[in-house]
Each structure stands twice: as structure tokens, then as C-alpha cells.
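I opened my notebook to look up charged pairs and one surface patch. Here is the structure I worked from.

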Amino acid sequence: MASVKRRTVFNDITHSTNNQEILLNHDKNSSHKRNGKSIVKRSLKNKQTHITITNNVSCSSKTNYLIQPPDSSPEQDKQDPSYEDQMRDMLAVKEYSQEIFTYLYELDYTILKSLNNIHSKKDIINRETLINWIIKIHSHFGFFEETLYLAVYIIDKYQTLDTCPMVDLQLLGITSLFIASKVEEIMIPRAIYFSYQTDGVFTVTDITNFELKILEVLQYNLTYANPLNFIRRMTKADDYNLPRRTIAKYLLEITLIDSKNFNKFSQGQCAAAAMLLSRRMFGKHRWGSDLIKYSGGYVKKDIIFICKMLIKYLLSPIAHVDFQSKYESSRYLRASIICKEWVLAIMKQQREKKLKKKY
């Protein structure tokens, strides 16, 4: 593990950037510390002194002026959360989070039962090729990660309800991504740009007509327990650590594309396993009560088998090139490279231990 940390690519993400704050100490008795200058013009008229004060406030664009908060006692600090934590709780809808995630985990289990063991070996190969291609297009458009997971769910759900011939598999994939973008994205590309991604094989008319067919088969029901919500909730118990969350997203996406090994597990289980393995890569081996709570109640014995399968995938030759290329970029902190190096270092340590015991 020590050898891995010495690598530059690993150190790039382990040192988080510290927020720099510039605080001004305001002195009420000294006028030269005010933000601005007071220009006093005096004129004498009818033996009276008239004073006109003009305030010209000019702040340097290079300096951020923050008002220092009043000192508070340790007891107040424990009771009152910081402003940043208040914003996180506000955006997470804290008052209803328990009910929301209880519903999402129940929905996740329901979806698992409806999609489990639906693919033959041939279908799995075709599906992995299709998802790898969808990931490439999704990355090209710069979509949210939620869009990818919803698009894959639409593909799988449609295939459980209706048969899709091989010639229409690409049309199913691009149309599912088109539908998912309408649900999750703020700015949606026009259908013509999705048509371009198929090299003109499928026209705008083909995509829009198939879009209507998909929605009719699904009965316009796109309700889905997106596993990224589970990852974000667990991040609350993981100190909102960005590098570990990014690694967890990469590991979670492995479970999305490798349906041969992970299609029998729920999205909540896969998300918990991805977070557990991500923490171990950074030397965080504890899976405490907070993480169990925010993962939906999964303990180590429920997810350790998935972690082993993720390690096996990382050790195997690259099967999904576009997917790996996506996570080799600096945008995703080169997560695929880091995970590969960590696994190789762990395997090397285990081999050395076996040799020592042997001799």
C-alpha cells in the first residue's frame, strides 16, 4: 500500500485542496481600516460650514472580504452545525430522507426481482457491447451520471417486456439515452445529434418513433432507484470525501456494465460494496454504524463477496475499452489507473507473504 501512495497519480487526489479564507479584523476606532475612502469637501457659505461626504468604495478584485463570525463557545459549536452542513442537509431534504430512502431501497429490491436472470449468455455479450458504446456517447455529450444509469435501466426493462432483434439493438440504446436525457438533463441535445452518433444508420424519425414505442411498452413508467443516490448518502458518513466517492462511482459503474457477474445483486448492494472497497483503497477499513445506516443496513458480510468480484474484474484484461478510457481522464481523477495499481500492489504483497511463509 505504501508503494502505491508514492505514485504521483495517487498523490494527485489524496491531497485535497484547502479552502483559503481572508479575514479582516475590523477596528472601529481606526478609520484607515474601512473598505473605502471618505473624501470630505468643505465649503463656507453664510458663515456656516457645510460638510459633504462622498463614499467611494473600491474593493480589489483579487481579495475576497469575509466577515469573521463572532466567537462561540464549544457547547454552541456542538449544537449548531456549520453553514456548509446546513446547506447539505437542506439540499438532501433531511426531514424526509428516511422515508425517501426506505422507499428507494424497497423499489430497488422490486426492480431486482423483475430484471434478475433475464439474459442468456449471448444476450449478455450483446448487452455489454451496447452499454460500452452508450458510455462512450454519454461521455461525449457530457451528461450527468444519473442519465447513464436510467438509460441502462430503460434498455433492460424494455427487453424484459418485449423482444428486440439484433438489428434494432443500437436503436434501442441510443433512444433509451435520448429518453433518459429528457428526464435528467437540463440542456437536451436535439434528436439529430443522437442520429449522428449512429453514423446515420438511424434517422431522427427512427429515433422518435422508437421512443414512442419504448414509452408505450414501459407504460410511461420510468420510476427507478438510481444507485448514485445511495453513493451520495453514504458519502455523508464518509466525510464527503471527493476522491473516495469518485473511486466508488467507478467501481459502481463496473457493476453496471458487467452484467454476467453483477446482475443478481441489487443496486444498493453494489453501491455499498463500491464504497467499502473505495475506502479500503485509502486505508479506511472501518465499516461503522453510520455507514451501515446510510448504506441501507448492509454489513460487511452482505457485500464482501461483491468486493472480491470487483477485484477480480480489475485484475482481468480490459474488456470494455470505452468505459476504461472514460475513467482514465483527469475529470474522473484517473480512477481506473489508481484502482488497477492498488490491486496489483495488493497482489504483490500477498505473493511476498506466501513466499515468506513457504521459506
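I started with Arg 127, which forms a salt bridge with Asp 156. The closest N and O atoms are 2.9 Å apart. I took a salt bridge to be a side-chain nitrogen of Lys or Arg within 4 Å of a carboxyl oxygen of Asp or Glu. Arg 127 sits in helix H6 (residues 121–141) and Asp 156 in helix H7 (residues 145–161), so this pair ties together parts 29 residues apart in sequence. I counted helices as DSSP runs (H or I, at least four residues), numbered from the N terminus.

This is a predicted model, so I noted the limits: local features need pLDDT of at least 70, side-chain atom pairs count only at pLDDT 80 or more, and totals for chains, interfaces and linings use all residues. Residues are numbered from 1 along each chain as its sequence is written, and side-chain values use heavy atoms, with hydrogens and water left out.

Next I asked: are Arg 127 and Asp 156 buried or exposed? Arg 127 is buried, at 7% relative accessible area. Asp 156 is buried too, at 9%. My cut-offs were under 20% relative accessible area for buried, over 50% for exposed, and partly exposed in between (1.4 Å probe, protein chains only).

How many salt bridges does a search of the whole structure find? It finds seven.

I then looked up Lys 326 and Glu 145. Their side chains meet in a salt bridge at 3.2 Å, N to O. Lys 326 lies in helix H17 (residues 321–326) and Glu 145 in helix H7, and the pair links parts of the chain 181 residues apart. Both residues, Lys 326 and Glu 145, are buried.

My next entry is Glu 211 with Lys 182, a salt bridge of 2.8 Å, N to O. Glu 211 is in helix H10 (residues 204–217) and Lys 182 in helix H8 (residues 169–184), so the pair ties together parts 29 residues apart in sequence. Glu 211 is buried at 12% relative accessibility, whereas Lys 182 is partly exposed at 41%.

I also checked for shared partners. Salt bridges join Glu 145, Glu 253 and Lys 326 into one network.

Phe 144, Ile 186 and Met 187 make a nonpolar patch of about 380 Å². Such patches take residues with over 30% relative accessible area and no salt bridge, with nonpolar side chains (Val, Leu, Ile, Met, Phe, Trp, Tyr) joined within 5 Å. I placed Phe 144 in the loop between H6 and H7. Phe 144 is partly exposed, at 39% relative accessibility.

Methods
Helix = DSSP H or I, 4+ residues; strand = E, 2+ residues; numbered from the N terminus. Patch = residues over 30% accessible without salt bridge, like charges linked within 9 Å, V, L, I, M, F, W, Y side chains within 5 Å. Areas by Shrake-Rupley, 256 points an atom, 1.4 Å probe, with all protein chains shown as cover.
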